[in-house]
Amino acid sequence: MTSRKMNPFFWILAVIILLIIILLLRYCKSPATPGNPGSPADAPRHYTDQLVVFFKHRPSAAALTTIKTKMKENGIDTSAITTQHCDNCGDAEIELWQAPKIETYANADPVKGGASTGTNSNGVGEDSLAYYTQNYIISSPPDMPTKTRRDSLYIRRGTGSGPSHKNDTIKVAILDTGIDPYLMNFPEFFWKNPGETPANGKDDEGNCLADDINGWNFVAHNNVLTDDSYNGHGTHIALFILNELRRSNTNTLQLMTLKTHDHKAEGSLFNIVCALLYAANNGANVINASWGFYSQNAPWHPLDSVITQLLAEKGILFITAAGNKMAAADDSAVKAGIPLAALRNLDIHHFYPACIGGRKNNILVVTTTVDSMVSPTQNHSQQYVDLGVQADTLESGFLKFQVPFITGQPVFVSGSSFATAIATGKIAANCSPALFKGGLEKTTFIDSLGADVLQSVKLMQKGQVNQGRYIKHQ
């Protein structure tokens, strides 16, 4: 009996069919749904094995036992949990818990982000013990990457002494990558902690922070405030704020430097909230937050409560960036079903803490703009964006600002981060200190800038900035 050879065409056809099946399985999956942890747009980048725990009240031993029991029921090895408090020993209502896969508990079912003494709680009800969230990675990247590393030598040596102003001192806390050490040679620009004796290595005021003279480094947990980011992000923020002080003859400003972001301009939610509490406890009047993260379904309630309740009660204005285009987040958003044309719309593609905006008390979101449009690489929203800042120049598709206090060849940067700093400096240097006392109303601050704020019909028609208002920066 002779064997029959298989037709070669059959093998070729079989291979083609197999390849088609593999491709279909790989690329024709159902679209990602909200909450899918595989999409950074729905579940932004976070540190593994870390969980931020916000307690509603200072936790008792019984409360901690309840929480850990529920965690154990959801497969967490509670015996491996280690805890970290904010560096400031007075803030015991927030902790960082670390253990293998503990971050998965933030989405555990039926817990749904919170531990409760009752039933059907999502962790934010009256009977909740705590609210949990992953320790998100929160970036402060510029819109247009700088080609060369920032060098302190290009800062003008003639920065000089601060001008004599007629009104009170406004304290501006900058939560960012730190500050260029050269600028610290001008102490009149920087907040000095009255409770600390310089360089004695002691915690004179008893807040668990030794020598926090001008602020604190929440990344390295020390008082070294040096900006080690490639682009000098935090330093540029400070320069833009100081430039508005130079232009004003109203308020005196002091910068409180809080290093929350590392050399990659990345910070953690835990460190940022700790820094917000530090600023609140040390009398900051304004907080500049030129950073954020994209998320379609982020549990933002704890951050919301800190910003819109705690800071508002203390009379602190929170000024934050509308956000820039981020390739990875955009890619994930498209895969999650967000149209390309809607990627810069904050109403659809959410960026936090910008999308905590829209409140009447203390949220002000700014983005770079000319008088006819918002930068196509930055976010916009009639609901969230309260104020634009007119760019100094348009080059290669980017709206740019010229960095002040620079010697030699001009340096230009682009991003809502720097528009935020200009708005921060403008408001802090010019608004009456009385506005910070009592209930905050953001429109009052904007209105008080008078002729410095213009109105664009085109921005209103496009729905990109609330009331089309923008600062003419040039």
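Q: In which loop does glutamine 464 lie?
A: This is a predicted model, in which local features need pLDDT of at least 70 and side-chain atom pairs count only at pLDDT 80 or more, while totals for chains, interfaces and linings use all residues. Residues are numbered from 1 along each chain as its sequence is written, and side-chain values use heavy atoms, with hydrogens and water left out. Helices (H or I, at least four residues) and strands (E, at least two) are DSSP runs, numbered from the N terminus. On that numbering, glutamine 464 is located in the loop between helix 9 (457-462) and strand 20 (469-471).

Q: Is glutamine 464 buried or exposed?
A: Buried means under 20% relative accessible area, exposed over 50%, and partly exposed in between, with a 1.4 Å probe and protein chains only. The relative accessible area of glutamine 464 is 11%, so this residue is buried.

Q: With which side chain does the side chain of arginine 45 make a polar contact?
A: Arginine 45 is placed in the loop between helix 1 (8-27) and strand 1 (46-55), and counts as partly exposed because its relative accessibility is 43%. Leaving aside neighbours within four places in sequence, its contacts are Tyr136, Ile137, Ser139 and Glu266. A polar contact is a pair of N or O atoms within 3.5 Å; within protein, one must be able to donate a hydrogen and the other to accept it, and residues adjacent in sequence count only if both atoms are side-chain atoms. At 2.8 Å, the partner of the arginine 45 side chain is the side chain of glutamate 266.

Q: What is the order of the 9 strands in the open sheet?
A: Two strands pair if DSSP finds at least two bridges between them. Strand 6 (residues 169-176) and strand 8 pair in the parallel sense over 8 bridges, and strand 7 (residues 215-217) is joined to strand 8, also in parallel, by 3 bridges. The edge strands, each pairing on one side only, are strand 7 and strand 19 (453-455). The pairing is mixed, and the order is 7-8-6-10-12-14-15-20-19.

Q: How many of the 8 residues of strand 8 are buried?
A: Within strand 8, lysine 259 is the bridge partner of aspartate 176, and threonine 257 stands opposite glycine 215. Strand 8 (residues 252-259) is largely enclosed by the rest of the structure, because the number of its 8 residues that are buried is 6.

Q: At what angle do helix 3 and helix 7 pack?
A: Axes are lines fitted to C-alpha atoms, for helices over the stretch in contact, and angles run from 0 to 180 degrees between N-to-C directions. The axes of helix 3 (residues 233-247) and helix 7 (residues 416-430) are 8 Å apart, and the helices pack at an angle of about 35°.

Notes
Contact means heavy atoms within 4.5 Å.
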